[in-house]
Amino acid sequence: MTEPRLKVLYADDEDDVREVFAAVFAPDFDVQTAPSGADALATLAAGEFDVLVSDMRMEPMKGSELLARAFETHPDVQRILLTGYSDHDDLADAVNLGHVFAYMQKPWDGEQLKLTIDKAGKQRRLELENRRLVAELRAANAELHADVEVATRTAPPKPKLMVTSPSMAKGLD
């Protein structure tokens with residue numbers, strides 16, 4: 001059974017860059033685009049995504065703010081930042097507040113970005129599967145604990161050993 005395609009949301013305020021992103025990555029991922037940070041947050045709220053890829057320089061909401069807000073409301077969605085600039089404060093905010101999975105320079109290399117998106121999506125799916133398995137294990141343990149409690153309460157008492165000889169009594173002391 002094959003896994004469903006990764007769902008990727010790309011936020012960039014430049015129309016042509018969004019179109020190129022969608023054209024390049026649509027063969028490999030389910031891609032949706034958003035023209036602003038606010039639109040990206042609304043799209044995240046309306047559907048489930050594996051990866052959010054954002055440009056840094058957008059107006060009025062910077063990519064670092066988008067990623068930080070996305071982390072607050074959708075912490076399971078992996079976040080990737082793309083930028084052609086090196087504003088260290090914005091980059092630090094994106095990394096520290098947005099908990100980015102990866103940071104990549106523009107212009108991006110299609111194959112490298114594809115691999116990074118794929119890794120981020122797989123990481124997300126592994127984390128979700130791990131949580132599901134841990135919850136399943138906890139439920140099974142609770143059920144087992146309840147079964148042991150019932151068995152302990154309903155088990156007949158252990159018979160006492162009757163000691164009839166003095167030598168046997170010495171051996172048991």
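Predicted model: local features only at pLDDT ≥ 70, side-chain atom pairs only at ≥ 80, totals over all residues.
Student: Which residues of α2 meet which residues of α3?

Tutor: On the α2 side they are G37, A40, L41 and L44, and across from them α3 brings L66, R69 and A70.

Student: At what angle do α2 and α3 pack, and how far apart are their axes?

Tutor: The angle is about 20°, with the axes 10 Å apart. Angles under 35 degrees count as roughly parallel, so α2 is roughly parallel to α3. As for handedness, α2 passes α3 in a right-handed crossing.

Student: Now the sheet. What is the strand order?

Tutor: Read it across as β2-β1-β3-β4-β5: five strands in an open sheet, with parallel pairing. β2 (30-34) and β5 (102-105) are the edge strands, each with a single partner, so one side of each has no neighbour in the sheet. From one strand to the next, the twist averages 20°.

Student: How many bridges join β4 and β5?

Tutor: Four, and β4 (residues 78-83) pairs with β5 in the parallel sense. For a landmark, look for T83, which sits opposite Q105 in β5.

Student: And which strands do the two helices touch?

Tutor: Helix α2 (residues 37-46) packs on the sheet against β1 (7-11), β2 and β3 (51-55), and its direction makes about 160° with that of β1. Helix α3 (residues 63-73) also packs on the sheet, touching β1, β3 and β4, with its direction at about 160° to that of β3. Over 145 counts as roughly antiparallel.

Notes. Residues numbered from 1 in each chain as written. Heavy atoms only, no water. Pairing = 2+ DSSP bridges. Axes fitted to C-alpha atoms, helices over the stretch in contact; angles between N-to-C directions. Contact = heavy atoms within 4.5 Å. Parallel < 35°, antiparallel > 145°, perpendicular 65-115°, else oblique. Left-handed = near helix turned anticlockwise from the far one by under 90°.
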